[in-house]
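The entries follow in the order of my look-ups.

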Amino acid sequence: MDIAALEGIAAHAYATAGLDATKGHVPRLARALLGPCAIVRGSRPFVGPAALTRDGDVWTIVIARALTPAQALDAVAHELAHWLLIRHGLAGSDNEEQAADYLAAALLGAPITRRGSSCPPPNSAKAARPGEP
Ligand SMILES: [Zn+2]
């Protein structure tokens, strides 16, 4: 999946929720998009640290009780990324987990690329080789 497209999904999600994307408020974003009770801590009937569940129109991110706050934040971002991939018709691909991880990083405010960057495109730069001046 295209990195810029995933970053666009993250930016669009924050804009839709009326939140500042530069703040990286993933739990607030999840509650704004999925509902005020979108994140719950639960015991583990599920595999892994967290799961995205659906009951009719109600989506819930269930996170394991044992997670540290930092782990919980990562888990919420990852599960919210899966929800966004579903909403954008991008779920179900072979690299969905990789896309969810990258989208989660973008939601957390750590995108790799920068919009409006003044950096030249890669094909205009001379490739650097070790030993060349
Ligand atoms: Zn996943």
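I counted four helices and three strands in the protein, taking helices (H or I, at least four residues) and strands (E, at least two) as DSSP runs numbered from the N terminus. Along the sequence I read the pattern α-α-β-β-β-α-α.

I noted that this is a predicted model, in which local features need pLDDT of at least 70 and side-chain atom pairs count only at pLDDT 80 or more, while totals for chains, interfaces and linings use all residues. Residues are numbered from 1 along each chain as its sequence is written.

I then looked up H2 (residues 26-34) against H3 (residues 69-87): they pack at about 35°, with axes 9 Å apart. Axes are lines fitted to C-alpha atoms, for helices over the stretch in contact, and angles run from 0 to 180 degrees between N-to-C directions. Val-26, Pro-27, Leu-29, Ala-30 and Leu-34 of H2 meet Leu-73, Val-76, Ala-77, Leu-80 and Trp-83 of H3, a contact meaning C-beta atoms, placed from the backbone, within 7 Å. I sorted these residues into 10 nonpolar, no polar and no charged, with Ala, Val, Leu, Ile, Met, Phe, Trp, Tyr, Cys and Pro as nonpolar, Asp, Glu, Lys and Arg as charged, and the others, Gly among them, as polar.

Next I took H3 with H4 (residues 96-107), whose axes come within 8 Å and cross at roughly 115°. The contact includes Asp-74, His-78 and His-82 of H3 and Glu-96 and Asp-101 of H4. Its residues divide into 10 nonpolar, two polar and three charged.

Methods:
Two residues are in contact if their C-beta atoms, placed from the backbone, lie within 7 Å.
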